Amino acid sequence: MMKNNFEWTCKHTWKSSAYNTLWCLIGCSMGDFGTIIFFQLLNIVWSTFYIMTLATINGLITSIILETSILLKQMNFTQSLRTAFGMSFISMISMEIAMNMVDWWLTGGAKLTWWVIPIMLIAGFLTPWPYNCWRLKKYNIACH
């Protein structure tokens, strides 16, 4: 039987994965918040589910764009895009779901207020961070 030697107490891995998770959060929140604010400011009446679904999709797109552009310093465009998709997509999806669930739970959904944004960001950061740490430690795979 193979023994799992994964160590959760490695401070270096937690710090590196926090950095990666923060970049993912920046990318996801740009598209997510931008979409919600667009609908809010223009008073477009659309179902909360559709707005939040579109916000999630736009968050994923902006995160992939941001991560691809960061990775272009290290590799060509195709490799950068493939890496952005492959290494952090689970992270991005969990992040988006966490942020939008907090918004829905606290405001009824698709309503950004000054007090809900920090809570959404904290939930969006904390949700994928352990996965990112595990992936970095186990496979030595990072997004940035």
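Helices (H or I, at least four residues) and strands (E, at least two) are taken as DSSP runs and numbered from the N terminus. By that rule the chain has five helices and zero strands, in the order α-α-α-α-α from the N terminus on.

The model is predicted: local features need pLDDT of at least 70, side-chain atom pairs count only at pLDDT 80 or more, and totals for chains, interfaces and linings use all residues. Residues are numbered from 1 along each chain as its sequence is written, and side-chain values use heavy atoms, with hydrogens and water left out. The mean pLDDT (the predictor's confidence in each residue, from 0 to 100) is 90 for the chain, with 92% of residues at 70 or more.

Along the principal axes, the C-alpha atoms fill a box of roughly 55 × 35 × 25 Å. Of the 144 residues, 40% count as buried; buried means under 20% relative accessible area, exposed over 50%, and partly exposed in between (1.4 Å probe, protein chains only).

Helix α2 (residues 48-71) has 24 residues and should span 34 Å at 1.5 Å a residue, which agrees with the 34 Å between its end C-alpha atoms. The expected span is 1.5 Å times one less than the number of residues. Buried residues of α2 include Ile51, Met52, Ala55, Gly59, Leu60 and Ser63.

A nonpolar core is a set of buried Ala, Val, Leu, Ile, Met, Phe, Trp, Tyr and Cys residues joined through side-chain atoms within 4.5 Å. In the largest such core, of 25 residues, Cys28, Met92, Met95, Met99, Leu112 and Met120 touch the most other members. The elements giving two or more residues to this core are α1 (11-41), α2, α3 and α4, and α1 gives the most, with seven.

Two loop residues have a positive phi. Most residues other than glycine have a negative phi. Asparagine 43, in the loop between α1 and α2, has a phi of about 50° although it is not a glycine. Asparagine 43 counts as exposed because its relative accessibility is 64%. Alanine 110 lies in the loop between α3 and α4, and its phi is near 55°. At 12% relative accessibility, alanine 110 counts as buried.
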